[in-house]
Amino acid sequence: MKPYDLTEGKILKVYRENYNTVTVNVEVNLNNPKPGQFVMFYAIGRGEAPITIADYRDGFMVNTIRIVRDVTGYFDRVREGDVIHLRGPYGNLWPTNKAFGKDIIVVSGGLGLAATRWLLEEVIKQKHRFKNVISLYGAKSYDDILYREKIGEWEKEIDFRTILNIKNEMWKGKVGLITDLVKEIEIDKDSVVFMCGPDPMVNAVIEILKSKDIKKENIYVSLERHMKCAVGTCGHCMIGPYFVCKDGPVFNYKDIEYFYTKKGV
Ligand SMILES: Cc1cc2nc3c(=O)[nH]c(=O)nc-3n(C[C@H](O)[C@H](O)[C@H](O)COP(=O)(O)OP(=O)(O)OC[C@H]3O[C@@H](n4cnc5c(N)ncnc54)[C@H](O)[C@@H]3O)c2cc1C
Ligand code: FES
């Protein structure tokens with residue numbers, strides 16, 4: 001198959017997560033995708049958008065899409081039975097093996113939970129390989145919480161903590177910033193951290209991890225950048241010398257720190 005060839009997928013289920021986000025189950029035959037990777041969704045007359053593979057088993061993929069504008073706008077009206085077009089999988093994987101025998105900490109902010117959902121499922125399956133599994137999730141408001149059923153399951157399996165930025169009478173849990181959760185956990189200095197969320201959140205969390213003596217080379221971040229080709233030819237997604245589409249989206253923080261913290265690089 002050529003890198004730009006489109007594959008057909010059939011929408012089996014549409015679940016409205018909240019006012020601007022939908023989760024779809026797609027029947028599609030992908031070539032051995034792995035947690036961390038993404039596909040390019042194609043909407044006729046609108047263009048393409050990179051979307052994380054939030055899960056994939058036996059020909060069934062899960063994607064969670066926030067309706068922004070052109071391409072993602074298509075998913076506002078998507079119906080069960082619709083046929084869609086996509087290409088991929090692209091990108092690299094969460095290197096879970098780096099955390100074997102150590103504490104693993106998964107930090108997800110907002111829609112970043114889509115990029116860590118499959119990772120969490122795999123980590124839970126292999127729980128015995130890690131010392132402790134901690135997952136920290138920050139959502140803006142009560143309505144923004146994703147995967148409520150899954151979170152219920154994860155809470156039974158691992159130390160899964162959620163915090164909301166905004167108070168709500170329906171919410172009995174913590175209110176504050178995800179950095180509050182990072183501050184409160186007790187972690188080994190050789191813990192391995194996997195993180196996905198908005199850039200300001202990633203920066204703030206990294207400062208706290210540094211103050212807890214977590215090594216930069218033990219921090220992995222999944223990045224979002226504008227993409228066109230997704231195969232390392234157009235240069236749209238570059239951060240310093242790296243292609244987010246091909247070398248990422250998951251990066252070791254030590255490799256990208258210089259470019260990530262410098263504006264316009
Ligand atoms: C590897 C990767 C995985 C992603 N996974 C998901 C996912 O699972 N679910 C999801 O909802 N979104 C995901 N995104 C973001 C998603 O691709 C963009 O929101 C989407 O391309 C917007 O397309 P659009 O055509 O609807 O809007 P456009 O018409 O392209 O853009 C609307 C506005 O959003 C801005 N914009 C577009 N893309 C981005 C971006 N990546 N970062 C910041 N601003 C942007 C544009 O500048 C414009 O102002 C991912 C992005 C990457 C790179
Ligand atoms: S999107 Fe074209 S090089 Fe990455």
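## Polar contacts to ligand 1

Let's start at Arg66: one of its backbone N or O atoms sits 2.7 Å from an oxygen atom of ligand 1. That makes a polar contact, meaning a pair of N or O atoms within 3.5 Å; within protein, one must be able to donate a hydrogen and the other to accept it, and residues adjacent in sequence count only if both atoms are side-chain atoms. Asp70 also uses its backbone, with a polar atom 3.3 Å from an oxygen atom of ligand 1. Thr72 uses its side chain instead, where an N or O atom is 2.4 Å from a ligand oxygen. On its own, ligand 1 exposes 900 Å², and the protein buries 75% of that (accessible areas come from the Shrake-Rupley method with a 1.4 Å probe; for residues, only the protein chains shown count as cover).

Keep in mind that this is a predicted model: local features need pLDDT of at least 70, side-chain atom pairs count only at pLDDT 80 or more, and totals for chains, interfaces and linings use all residues. Residues are numbered from 1 along each chain as its sequence is written, chains are lettered from A and ligands numbered from 1 in the order in which they are written, and side-chain values use heavy atoms, leaving out hydrogens and water.

## The shell around ligand 1

Which residues come nearest to ligand 1? Out of the 18 around it, they are Pro50, Thr64, Arg66, Val71 and Thr72 (a residue is near if one of its heavy atoms lies within 4 Å). By type, the shell splits into 9 nonpolar, 4 polar and 5 charged residues. Here Ala, Val, Leu, Ile, Met, Phe, Trp, Tyr, Cys and Pro count as nonpolar, Asp, Glu, Lys and Arg as charged, and the others, Gly among them, as polar.

Strand S4 gives the most to this shell, with 4 residues. Helices (H or I, at least four residues) and strands (E, at least two) are DSSP runs, numbered from the N terminus.

## Two domains

The protein chain is divided into domain 1 (7-90) and domain 2 (96-261), with bounds from an automatic or database domain assignment. Their C-alpha centres lie 21 Å apart.

About 1,900 Å² is buried between domain 1 and domain 2, and carbon and sulfur atoms give 59% of it. Buried area is the accessible area (1.4 Å probe) that two parts lose on being put together, summed over both.

## A closer look at Tyr19

Tyr19 belongs to the loop between strand S1 (7-18) and strand S2 (21-27). Setting aside its neighbours within four places in sequence, Tyr19 is in contact with Asp143 and Asp144. With Asp144, the side chains make a polar contact of 2.8 Å.

Gly88 and Pro89 are joined by a cis peptide bond, with omega about 5°, and Pro89 is in strand S7 (residues 83-90). The bond from Gly248 to Pro249 is cis too, with omega near 10°. Asp213 has a positive phi of about 65°, although it isn't a glycine.

Technical notes: Contact means heavy atoms within 4.5 Å.
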